[in-house]
Amino acid sequence: MSVKMSALNADGISEPFAAETAPLEAFSHGERFGSSFRHLSSFGGGDHVGVALEQLAPGKETNPSHYHMLEEEHAYILEGALTLKLGARNYVMKAGDYVCFPAGQKVGHSMFNHTDAPCRYLIIGERNPNDVIVYPESGRVSVRLTGEGYSKSATMDYWEGIDASAAGVQAGRAQE
């Protein structure tokens with residue numbers, strides 16, 4: 001039996017599929033972070049909205065605490081329980097619980113499995129190619145459009161580095 005790479009048929013039409021048909025992927029970073037997931041939206045042929053079926057192992061955190069400036073995210077717990085870290089507050093979430101992280105809500109979020117059993121949940125979000133993601137714990141600012149990350153502390157004043165004198169205008173003309 002061949003493994004399908006997507007839910008698209010020979011005519012390019014997205015057909016229904018069992019979630020377990022989508023490829024299982026996993027990541028881990030050190031002892032703290034790691035999860036496994038199935039990108040349902042990509043497998044189904046979608047590219048505007050991201051939907052992933054994720055599983056968080058006991059003792060693992062999903063990712064560094066972060067918030068999105070342009071992208072909205074939603075999480076719905078299917079099985080098990082976990083702790084939602086939302087800014088300075090923690091919330092225990094269990095099967096049937098839901099949370100929304102609106103775009104521009106400047107409060108970092110991450111999820112940690114505090115139990116001894118896996119937790120399964122859906123993550124739903126936009127796939128905004130221009131999103132800016134802020135990581136309060138490290139001070140990192142990620143710019144999705146350029147694929148680059150910056151230190152939030154390395155900020156500049158609007159006029160910093162600009163010669164505002166008449167000589168600056170003349171230097172600009174000399175290069176034309």
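I take two strands as paired if DSSP finds at least two bridges between them, and I take strands themselves as DSSP E runs of at least two residues, numbered from the N terminus. This is a predicted model, in which local features need pLDDT of at least 70 and side-chain atom pairs count only at pLDDT 80 or more, while totals for chains, interfaces and linings use all residues. Residues are numbered from 1 along each chain as its sequence is written, and side-chain values use heavy atoms, with hydrogens and water left out.

**Entry 1**

E25 stands opposite F37 in β2. The two strands form a hairpin with 3 residues between them, and G30 in the turn has a positive phi of about 65°. I call a residue buried under 20% relative accessible area, exposed over 50% and partly exposed in between (1.4 Å probe, protein chains only); by that rule, the count of buried residues among the 5 of β1 is 0. Contact here means heavy atoms within 4.5 Å, and L24, leaving aside neighbours within four places in sequence, is in contact with S36, F37 and R38.

**Entry 2: the open sheet**

I then followed an open sheet of 4 strands, antiparallel in its pairing and ordered β4-β11-β12-β13. β4 (67-68) and β13 (148-151) stand at the edges with a single partner strand each, so one side of each is left without a neighbour in the sheet. Inside this order, strand β11 (residues 132-135) is joined to strand β12 (residues 140-143) by 4 bridges, and I133 has S142 as its bridge partner in β12. S142 is buried, with a relative accessible area of 13%, and its contacts beyond four places in sequence include D131, Y135, E148 and G149.

**Entry 3: the nonpolar cores**

For a nonpolar core I count buried Ala, Val, Leu, Ile, Met, Phe, Trp, Tyr and Cys residues joined through side-chain atoms within 4.5 Å. The largest has 13 residues, of which I77, L82, L84, M93, V99, M111 and Y121 touch the most other members. At least two residues of this core come from each of β5 (73-79), β6 (81-86), β8 and β10 (119-126). Another core, of 5 residues, lies apart from it, with A7, A22, L40 and L53 among them.

**Entry 4: salt bridges**

I counted a salt bridge where a side-chain nitrogen of Lys or Arg is within 4 Å of a carboxyl oxygen of Asp or Glu, and the structure holds 6 of them. One joins the side chains of E61 and K85 (3.4 Å, N to O). E61 lies in the loop between β3 (49-56) and β4 and K85 in strand β6, so the pair ties together parts that are 24 residues apart in sequence. E61 counts as buried at 2% relative accessibility, whereas K85 is partly exposed at 27%. I also noted R120 with E79, whose closest N and O atoms are 3.5 Å apart; R120 lies in strand β10 and E79 in strand β5, so this pair ties together parts that are 41 residues apart in sequence. A further salt bridge is formed by D97 with K94, at 3.6 Å between the closest N and O atoms. Salt bridges that share partners join R32, E61, K85 and E137 into one network.
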